[in-house]
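Have a look at the fold, then read on.

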Amino acid sequence: MAGIDCGTNSVRLLIADLGRDAGAGPEHGRADPPLTDVVRRMEIVRLGEGVDRTRRLAPEAIDRTRRALTGYAAEIAAHGAERVRMCATSASRDADNAAEFVAMVQATLGVTPEVVTGDEEARLTFAGAVGGLAATAAAPYLVVDIGGGSTEFVVGTGTVDRAVSVDIGCVRMTERHLRADPPTPAQIDAARRDITDAVDRALTAVGLAGRSVSAGPTDGTPTLVGLAGSVTTVAGIALGLDAYRPERLHHATVSYQQVAAVTTDLLAMPVAERLRIPVMHPGRADVIAAGAMVLQIIMERAGVPAVVASEHDILDGICLSLR
């Protein structure tokens with residue numbers, strides 16, 4: 001089976017074999033991921049470029065996505081995937097010309113992209129993120145998926161209890177606030193205020209408001225599981241990796257102090273300097289500082305001392321939904 005996740009910044013493909021015990025997770029005493037990867041790919045297409053300002057998907061962005069999907073269609077055919085599901089999130093929800101995007105996907109991939117509801121997005125994200133967590137990562141879980149256009153907050157144990165999405169993705173915050181290279185102090189302050197306001201609203205909605213990272217963990221402090229490239233890139237920088245190594249990053253734990261230090265460094269760097277960081281994807285260098293800010297502020301306001309980075313997310317949940 002094949003799952004495709006198309007977000008504001010990237011489009012990703014997972015072709016996987018699904019065992020008969022798929023769907024087992026920490027609540028069933030299983031620590032191993034239920035999916036076996038065959039192909040896992042990611043392309044930065046910046047589908048949502050300019051959407052915050054124009055409310056439309058740019059023709060160039062749609063064409064970049066078409067080229068990526070053409071390659072994915074060839075992979076899917078070569079591996080004989082029996083079922084295919086594509087989910088599209090923030091950018092295609094926001095765009096006035098979403099019908100053009102849908103028509104392109106149908107012509108290129110042969111399936112209709114599902115613009116999933118917030119509840120369905122939360123369920124898929126949570127299933128993918130917690131399915132392979134070790135028993136030492138204690139519930140409840142706060143799963144945060146920092147995308148290009150939005151960030152999803154999902155709280156649960158074996159299933160989703162509460163979820164909310166807010167418009168503070170790394171692309172959106174960069175376009176809205178961090179326009180200088182490197183950002184100015186005034187731009188950083190404006191971004192921090194915007195992000196903090198949205199994070200506080202999200203944490204209130206999921207029942208985790210009023211915490212402080214300086215106070216340390218308390219009873220009921222959730223395990224923070226961070227998803228998507230902003231989190232894994234920050235983790236890779238904090239760990240000093242010499243290249244982007246998913247096997248090292250998946251379930252790596254990074255402290256708040258490490259995240260704060262990386263965020264400060266990234267905000268002070270021009271894009272050219274960020275590009276020299278070994279773990280940095282070229283398509284992420286201009287927006288990574290905003291993504292790091294979102295992660296740091298979530299940790300501050302949720303009162304969590306560390307984040308568990310995960311390479312498994314909504315994409316894995318999409319494939320699990322095909323069982």
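## Salt bridges in a predicted model

R67 and D63 sit four residues apart in helix α2 (residues 59-79), so about one helical turn separates them. Helices here are DSSP runs of H or I with at least four residues, strands are runs of E with at least two, and both are numbered from the N terminus. The two side chains join in a salt bridge, 2.5 Å from N to O. By salt bridge we mean a side-chain nitrogen of Lys or Arg within 4 Å of a carboxyl oxygen of Asp or Glu.

A word on where this comes from: the model is predicted, local features need pLDDT of at least 70, side-chain atom pairs count only at pLDDT 80 or more, and totals for chains, interfaces and linings use all residues. Numbering starts from 1 along each chain as its sequence is written, and side-chain values use heavy atoms, with hydrogens and water left out.

How many salt bridges does the rule give? The count comes to 19.

| Pair | N to O distance |
|---|---|
| R67 and D63 | 2.5 Å |
| R40 and D37 | 2.7 Å |
| R176 and D194 | 3.0 Å |

The R176 and D194 bridge ties together distant parts of the chain: R176 belongs to helix α6 (residues 170-176) and D194 to helix α7 (residues 185-205), 18 residues apart.

How covered are these side chains? On the scale used, buried is under 20% relative accessible area, exposed is over 50%, and partly exposed lies in between (1.4 Å probe, protein chains only).

Now for the whole chain. It has 13 helices and eleven strands, and 55% of its 323 residues are buried. Of the contacts (heavy atoms within 4.5 Å) with a separation of 6 or more, 72% come from residues 24 or more positions apart. The chain exposes about 12,900 Å², with carbon and sulfur atoms supplying 50% of that; accessible areas come from the Shrake-Rupley method with a 1.4 Å probe, and for residues only the protein chains shown count as cover.
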